[in-house]
Amino acid sequence: MDTAIQSAIPDFLELLGLDEEPVGLFYTDKQPEDGSFPKQCETPTREREQAGEIDWPGVFGKFSCVMRHILMARKQKKAAWFAADHFGCPGAAFWLGFIKPQTDTIINYISTGIPGWSEGELYCESSDAMGQVLQAIDPRPAPKPYVVIKPLSLFTEDEEPEVVIFFTRPEPLGGLHQLAFFVTNDPEVVQSPWASGCGSIATWPLRYLSQGLNKAVTGGWDPSARKFFKVDELSFTVPYAMFRAMVVRGKDSFLKQEAWQQSVRKKIARSKQVWSKEK
């Protein structure tokens, strides 16, 4: 990662009123030596499901949300990593690009349920509709064995994130939203499509990149993942090239003007005071 960008990040975050540095996501051939990661588990592919080879109680017995591991990485200033046999959540194995298509079991689980086992999460009105949605989303296949998410300060010179993920409450989020427009001149630069928590920070940003689109993605809406977000916190994910432009050009944008400095920053300070007692 560009050391000049790394060194400029603290001032950039201060300008936005953010106390926590963002994390970067990238795929790699090398398994991290340390970090937060799920237990090893058999990969739940559609082919193995149809052959009756998946031990679903065993898979769910090792369930571990991707956003939980990312929260640990954020708190402990270390990496979180995942792989085809270290996915934690069988839904995430799909969203992170390790399996495709999604299994019928998970499609039923997140929609209308499985008789005698699960009443379902009811995130879609029918399993058929959910299957069509997931097929249309079509996550980019993982280009390498491991996906790593870690604070930008931990990136070495030979590592570069594909996307950069902020976790923030609404006031700084408004600044990020406006800044994304400032560096792109695209009034539709910020998107917020339906997805799981990990789908919002990985699948959709990478999907837009694979289509040659320079888009930011607001996420964190997934009820199942909300427990791994702070109160009132959302995610905001941008391509690395957009992030670089934001860091370099932010100081010459609206962030130096009165509306931000005299109004929004006061609200940011009030927000920090309100949540300073959060445990």
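Author: Start with a term. Helices here are DSSP runs of H or I with at least four residues, numbered from the N terminus. The model is predicted. Pro101 lies in the loop between helices α5 (90-95) and α6 (104-109).

Reader: How do I read a sheet? In what order do the strands stand?

Author: Strands of a sheet pair through backbone hydrogen bonds, either parallel or antiparallel. Here seven strands form an open sheet, ordered β2-β3-β1-β4-β7-β6-β5, with mixed pairing. β2 (80-83) and β5 (190-191) are at the edges; each has a single partner strand, so one side of each lacks a neighbour in the sheet.

Reader: Which strands does helix α4 touch?

Author: Helix α4 (residues 66-76) packs on the sheet and touches β1 (23-28), β2, β3 (146-151) and β4. Its direction makes about 150° with that of β2.

Reader: How many bridges join β4 to β7?

Author: Six, between residues 163-168 of β4 and residues 234-239 of β7. The two strands run antiparallel. Phe166 stands opposite Phe236 in β7.

Reader: What is phi like at Lys77 and at Asn185?

Author: Most residues other than glycine have a negative phi. Lys77 has a positive phi, near 55°. Lys77 is in the loop between α4 and β2. Asn185 also has a positive phi, near 60°. Its loop runs between α8 (170-184) and β5.

Reader: Is Asn185 buried or exposed?

Author: Exposed means over 50% relative accessible area. Asn185 has 61%, so Asn185 counts as exposed. Lys77 has 44% and is partly exposed.

Note on methods. Residues are numbered from 1 along each chain as its sequence is written. This is a predicted model: local features need pLDDT of at least 70, side-chain atom pairs count only at pLDDT 80 or more; totals for chains, interfaces and linings use all residues. Side-chain values use heavy atoms; hydrogens and water are left out. Two strands pair if DSSP finds at least two bridges between them. Contact means heavy atoms within 4.5 Å. Axes are lines fitted to C-alpha atoms, for helices over the stretch in contact, and angles run from 0 to 180 degrees between N-to-C directions. Buried means under 20% relative accessible area, exposed over 50%, partly exposed in between (1.4 Å probe, protein chains only).
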